[in-house]
Amino acid sequence: MAALLLSHSATDPVSLTDLLDKHSRSPLHYAAFSPQGSADVVELLVRARSDLGLRDEYAQTPLDRAVSSGRAVTVAALVAAGADLTTVDKHGRTALHSSVSVRDNLLVVSALLGKSTESVPTPAVMAMVDQRDRNGRTALFVAAAASIAEAVEMLIAEGNADINVPDSFGVSPLSAAAAQGAESVVAALMEARAALDTQDSDGCTALHHAALHDH
């Protein structure tokens with residue numbers, strides 16, 4: 001249907017893809033969070049030169065919308081089309097930050113990381129993985145604080161994430177996980193040789209945080 005509309009519309013197909021609704025969303029935004037999650041429609045709109053980086057009134061790109069809707073197939077299609085992985089929302093978070101904070105979202109995380117047979121992440125993926133939000137938190141920190149061990153393991157294994165990057169207060173991902181009592185996350189970080197003696201702005205280590213919260 002989308003192909004039919006593009007090919008038979010009296011409007012120039014290129015300008016038709018740029019018409020926005022009242023929330024400043026393009027047809028590509030709609031394809032990105034469609035319940036069907038069709039990669040075919042996304043690819044069709046991309047070929048018609050839809051703007052991959054267009055932001056709606058909430059500063060979300062089509063990629064952000066696909067991630068927030070959990071559409072792994074659509075996310076993969078947008079990544080393959082060249083969507084900017086380092087674009088941030090109004091909170092300074094990338095699409096990866098948003099994806100790793102939600103449980104059962106591993107397919108989306110994998111799609112963002114561009115899981116393939118390549119053993120070394122691309123420069124774009126590496127830049128996204130270690131990018132910090134406004135609180136200085138990387139995606140790994142967010143996943144650790146959310147106690148999502150699978151996402152932490154994926155970021156380390158597939159994204160080559162730096163496991164010791166602290167937030168703006170000097171809190172490390174290990175300390176964040178220890179404070180939550182996330183034993184599986186702590187174990188994964190320790191297996192990856194996370195530094196145990198990192199101290200935050202209060203001088204506290206992961207052990208201090210674990211002790212404080214009775215973990």
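Student: Let's start inside. Which residues of α8 are buried?

Tutor: Quick ground rules: this is a predicted model, where local features need pLDDT of at least 70, side-chain atom pairs need 80 or more, and totals for chains, interfaces and linings use all residues. Residues are numbered from 1 along each chain as its sequence is written, and side-chain values use heavy atoms, leaving out hydrogens and water. Buried means under 20% relative accessible area, exposed over 50%, and partly exposed in between, with a 1.4 Å probe and protein chains only. By that cut-off the buried residues of α8 are V108, V109, S110, A111, L112 and L113.

Student: And what covers the buried residues of α8?

Tutor: Helices here are DSSP runs of H or I with at least four residues, strands are runs of E with at least two, and both are numbered from the N terminus. With 6 of its 8 residues buried, α8 is largely enclosed by the rest of the structure. The cover includes α5 (62-68), α6, α7 (95-100), α9 (123-129) and α11.

Student: How is α6 oriented against α8, parallel or perpendicular?

Tutor: Axes are lines fitted to C-alpha atoms, for helices over the stretch in contact, and angles run from 0 to 180 degrees between N-to-C directions. Helix α6 (residues 72-80) and helix α8 (residues 106-113) pack at about 10°, with axes 8 Å apart. Angles under 35 degrees count as roughly parallel, over 145 as roughly antiparallel, 65 to 115 as roughly perpendicular and the rest as oblique. So α6 is roughly parallel to α8.

Student: Which residues of α6 and α8 make that contact?

Tutor: Contact means heavy atoms within 4.5 Å. The residues involved divide into 8 nonpolar, no polar and no charged, where Ala, Val, Leu, Ile, Met, Phe, Trp, Tyr, Cys and Pro count as nonpolar, Asp, Glu, Lys and Arg as charged, and the others, Gly among them, as polar. They are A72, V75, A76 and V79 from α6, with L107, V108, A111 and L112 from α8.

Student: How many residues of α12 are buried?

Tutor: Helix α12 covers residues 173-180 and is mostly covered itself. Its cover includes α10 (139-145), α13 (183-191) and α14 (206-212). P173, L174 and S175 are among the buried residues, and the count is 7 of 8.

Student: Now the loops. Is N160 buried or partly exposed?

Tutor: N160 sits in the loop between α11 and α12. Its phi is positive, near 55°, in a residue other than glycine. At a relative accessible area of 48%, N160 is partly exposed.

Student: What is the phi of S24?

Tutor: S24 lies in the loop between α2 (13-16) and α3 (27-32). It counts as partly exposed, at 28% relative accessibility. Although S24 is not a glycine, its phi is positive, about 65°.

Student: Finally, what percentage of the chain's residues count as buried?

Tutor: The chain has 14 helices and 0 strands. Its C-alpha trace spans about 70 × 35 × 25 Å along the principal axes. Of its 215 residues, the buried share is 45%.
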